[in-house]
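Visitor: I've got the sequence and the structure open side by side. Could you walk me through a few spots worth a look?

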Amino acid sequence: MAQNVSSVKLIDGDRRLDGRGVTDLRSLKITAGVLKKAGGSALVEWGKNKVLAGVYGPREVFPKHMTDPYKAIINCKYSMASFSSLEDHGRAGPNRRAIEIGKVAKHVFENNIFTNLFPKTMVNISMEVLQSDGGTRIAGITAASVAVVDAGIPVKDLVQGVSVGKIGGRLVVDLDKIEDNMGQSDIPVIVSLRSKEVLLYQLDGMLTRDDINEGMDLVFEAAKLVREKQVQALKEKYERVEEQVADEKPAAGKETEEVM
Ligand code: CDP
């Protein structure tokens with residue numbers, strides 16, 4: 001929740017508290033295929049955020065009465081581990097915030113997955129926040145998009161997120177927790193670079209129309225870098241699979257020797 005707390009100086013000249021410039025992203029590492037049992041998975045380590053996404057499906061719909069004869073239904077679950085931030089979150093299970101994030105993520109993937117190709121099925125997408133430091137819904141959906149592609153589910157595009165907001169009167173991208181909590185505003189955005197669509201946009205705080213126009217340009221620019229990391233993660237996953245398959249193949253001649 002953005003609050004204007006003037007006593008915290010979040011930006012000095014062009015330098016933010018953690019040393020970043022206004023358009024710098026925090027360090028970002030994406031690993032695809034981290035879970036053996038899920039259909040698809042990805043881990044996103046973004047600054048101090050660590051978010052794991054897992055995908056199951058398309059599979060039979062449960063409960064059955066939810067079945068859609070024309071398309072797959074998409075379920076998205078976001079949850080924050082009790083040990084994910086400085087204060088223990090205490091009670092497990094979804095709160096209002098987690099339900100909201102699951103709902104906005106569902107809208108993203110309903111507009112991203114070719115659901116009409118899998119009528120009468122469902123796709124379950126889970127985002128588990130292991131460690132949080134601002135921007136976890138963005139990190140979660142970015143991870144989930146890689147996990148959906150890793151599961152082999154046809155999509156219109158890899159989607160990715162970046163947040164933009166205002167601290168100390170300056171527009172900045174990829175706000176961390178202190179910038180999000182103490183800054184003037186914060187907009188998490190999910191985009192598709194291929195179609196130039198905005199799939200999620202949630203404004204917290206106040207911005208002028210010019211700020212928003214400029215901010216969206218910054219988001220689309222930064223999203224290119226996030227997309228590169230997603231593509232790289234998927235390529236690395238398939239390189240690992242190729243290596244494993246090669247290792248498992250019997251060496252030429254070995255089989256014949258054993259038979260003899
Ligand atoms: O994480 P995101 O920016 O998508 O959501 P937020 O509601 O704006 O929360 C910003 C940050 O506050 C989170 O990333 C967490 O670090 C922290 N937070 C928390 O620790 N416990 C909560 N119940 C909500 C937020």
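Visitor: Where does K196 lie?

Guide: Keep in mind that this is a predicted model. K196 has a positive phi of about 60° although it is not a glycine. As for its place, K196 lies in the loop between β10 (185-192) and β11 (197-201).

Visitor: Is K196 buried or exposed?

Guide: The cut-off for exposed is over 50% relative accessible area. K196 comes out at 62% relative accessibility, so K196 counts as exposed.

Visitor: And D174, is that one buried or exposed?

Guide: D174 is found in the loop between β9 (170-173) and α3 (177-182). Its phi is near 55°, a positive value in a residue other than glycine. Buried means under 20% relative accessible area. D174 has a relative accessible area of 3%, so D174 is buried.

Visitor: Which residue does a cis peptide bond join to P58?

Guide: Most peptide bonds are trans. P58 sits in strand β5 (residues 49-60). Omega is about 0° for the cis bond here, and the partner of P58 is G57.

Visitor: What is omega for the cis peptide bond between F62 and P63?

Guide: P63 has its place in the loop between β5 and β6 (73-80). The cis bond joining F62 and P63 has an omega of about -5°.

Visitor: Now the helices: are α1 and α2 parallel, perpendicular or oblique to each other?

Guide: The axes of α1 (residues 96-110) and α2 (residues 136-150) come within 11 Å and cross at roughly 40°. Angles under 35 degrees would count as roughly parallel, and 65 to 115 as roughly perpendicular. The pair therefore ends up oblique.

Visitor: How many charged residues are in the contact of α1 with α2?

Guide: On the α1 side, the contact is made by R97, E100, I101, A105, V108 and F109, and on the α2 side by T136, R137, I141, A144, S145 and V148. Sorted by class, there are seven nonpolar residues and two polar ones, and the charged residues number three.

Visitor: What handedness does the crossing of α1 and α2 have?

Guide: We've already seen the axes cross at roughly 40°. Where α1 passes α2, the crossing is right-handed.

Definitions and conventions
Residues numbered from 1 in each chain as written. Predicted model: local features only at pLDDT ≥ 70, side-chain atom pairs only at ≥ 80, totals over all residues. Heavy atoms only, no water. Axes fitted to C-alpha atoms, helices over the stretch in contact; angles between N-to-C directions. Helix = DSSP H or I, 4+ residues; strand = E, 2+ residues; numbered from the N terminus. Parallel < 35°, antiparallel > 145°, perpendicular 65-115°, else oblique. Left-handed = near helix turned anticlockwise from the far one by under 90°. Contact = heavy atoms within 4.5 Å. Nonpolar A, V, L, I, M, F, W, Y, C, P; charged D, E, K, R; others polar. Buried < 20%, exposed > 50% of the residue type's maximum accessible area, 1.4 Å probe, protein only.
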